Amino acid sequence: MEALGHGLLPLGALRTCQKEQRCQLIGSIHFLSSPVPSTLKSCASFKYRNDIRMQAVQEEYELKQMKDMAAAKKRWDALIRDGKVKVLTPREAGYAIQLLNKMLLDVRPSMERKKAWVKGSTWIPIFDVDTSLELRTLSWKATNFLMGGWWSGVPALSYNKQFLSNVEEKFAKDTDLIVACQKGLRSIAACEVLYNGGYNNIFWVQGGLEAAEEEDLEREGPQPFKFAGIGGLSEFLGWTDQQRDAAVKEGWGYRLTFSARMVGLVLGADALFIGAQKVGQYLQVLRSH
């Protein structure tokens with residue numbers, strides 16, 4: 001379950017060593033024309049050993065996540081195989097909601113829910129954006145951002161410990177519940193929690209809302225279902241699979257919008273680089289005087 005909420009173990013911050021000759025070690029060693037002091041050598045050796053240790057811990061954690069996910073998949077497959085959780089396509093879910101008045105339980109995090117949702121659905125996230133300010137979680141959030149959150153737009157998520165109790169407040173145990181998330185992974189995890197909590201009439205939307213066509217489900221919200229799970233720089237530049245598919249349908253006008261954004265981003269980065277150079281030159285002149 002933990003593997004669904006976040007990705008990588010937070011890495012330790014790089015240490016800055018400031019010694020007798022005002023040398024700094026930030027990530028890698030910058031050599032001066034004078035001989036390298038032994039204190040710097042020992043600092044470099046310590047950093048190297050520390051990096052190796054952190055890498056080993058990271059790999060061990062990722063291996064544990066892979067094993068946990070493999071074990072969870074076996075449990076989920078068994079739930080489906082034994083008929084404890086029934087499988088629906090997005091279109092079948094739409095029929096059940098519209099024609100049979102079945103309830104849809106949306107378990108997506110808030111940043112996906114606010115972009116698009118099924119009309120009349122009930123929202124109870126099994127994972128949601130982590131808003132705590134503890135030092136451990138702040139480090140984890142920073143690592144999540146640096147390791148891909150800036151690109152995908154996916155923030156650090158935490159498990160909703162009140163998920164089952166929140167569902168029990170809304171629905172009786174004999175209710176027919178259609179459970180959906182964005183891609184189908186967190187919703188099958190939610191189905192397991194619900195089954196273990198005593199719910200027996202559970203339906204899982206395979207592939208999630210992202211697999212739905214617009215005509216399958218009655219949508220509310222500013223964006224199509226397929227775009228609810230994208231974000232970050234990849235969305236801004238139009239480099240997601242969903243946007244590429246849309247570009248094929250929309251034509252060159254759609255593509256030019258994102259091409260212009262790309263050009264603007266490159267020009268902005270170039271301007272910042274030139275500005276940083278100018279500031280560096282100006283500071284160097286001030287120091288020489």
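This is a predicted model: local features need pLDDT of at least 70, side-chain atom pairs count only at pLDDT 80 or more; totals for chains, interfaces and linings use all residues.
One residue pair from each of the two pairings is given below.

| Residue | Opposite residue |
|---|---|
| Asp 106 | Ala 180 in β10 |
| Leu 177 | Ile 202 in β11 |

In a regular strand, side chains alternate between the two faces of the sheet. In β10, Leu 177 and Val 179 point one way, Ile 178 and Ala 180 point the other way, and all are buried.

The largest nonpolar core has 26 residues, and Leu 105, Val 107, Phe 163, Val 167, Val 179 and Leu 194 have the most contacts inside it. At least two residues of this core come from each of α2 (38–81), α6 (163–170), β10 (177–180), α7 (185–196) and β11 (202–205). Helix α7 gives the largest share, six residues. Another core, of 15 residues, lies apart from this one and includes Ala 96, Ala 116, Leu 209 and Leu 217.

Not counting residues up to four places away in sequence, Phe 163 touches Leu 105, Val 107, Ile 124, Pro 125, Ile 126, Ala 190, Val 193 and Leu 194.

Asp 128 belongs to strand β8 (residues 127–129). Asp 128 is buried but has no salt bridge, and Lys 114, the nearest side chain of opposite charge, is 9.4 Å away. A polar atom of the Asp 128 side chain lies 2.9 Å from the backbone nitrogen of Ser 110. Leaving aside neighbours within four places in sequence, the contacts of Asp 128 are Pro 109, Ser 110, Trp 123, Ala 156, Leu 157 and Ser 158.

Technical notes:
Residues are numbered from 1 along each chain as its sequence is written. Side-chain values use heavy atoms; hydrogens and water are left out. Helices (H or I, at least four residues) and strands (E, at least two) are DSSP runs, numbered from the N terminus. Buried means under 20% relative accessible area, exposed over 50%, partly exposed in between (1.4 Å probe, protein chains only). Lys and Arg count as positive and Asp and Glu as negative; His and the chain ends are not counted. A salt bridge is a side-chain nitrogen of Lys or Arg within 4 Å of a carboxyl oxygen of Asp or Glu. A polar contact is a pair of N or O atoms within 3.5 Å; within protein, one must be able to donate a hydrogen and the other to accept it, and residues adjacent in sequence count only if both atoms are side-chain atoms. Contact means heavy atoms within 4.5 Å. A nonpolar core is a set of buried Ala, Val, Leu, Ile, Met, Phe, Trp, Tyr and Cys residues joined through side-chain atoms within 4.5 Å. Two strands pair if DSSP finds at least two bridges between them.
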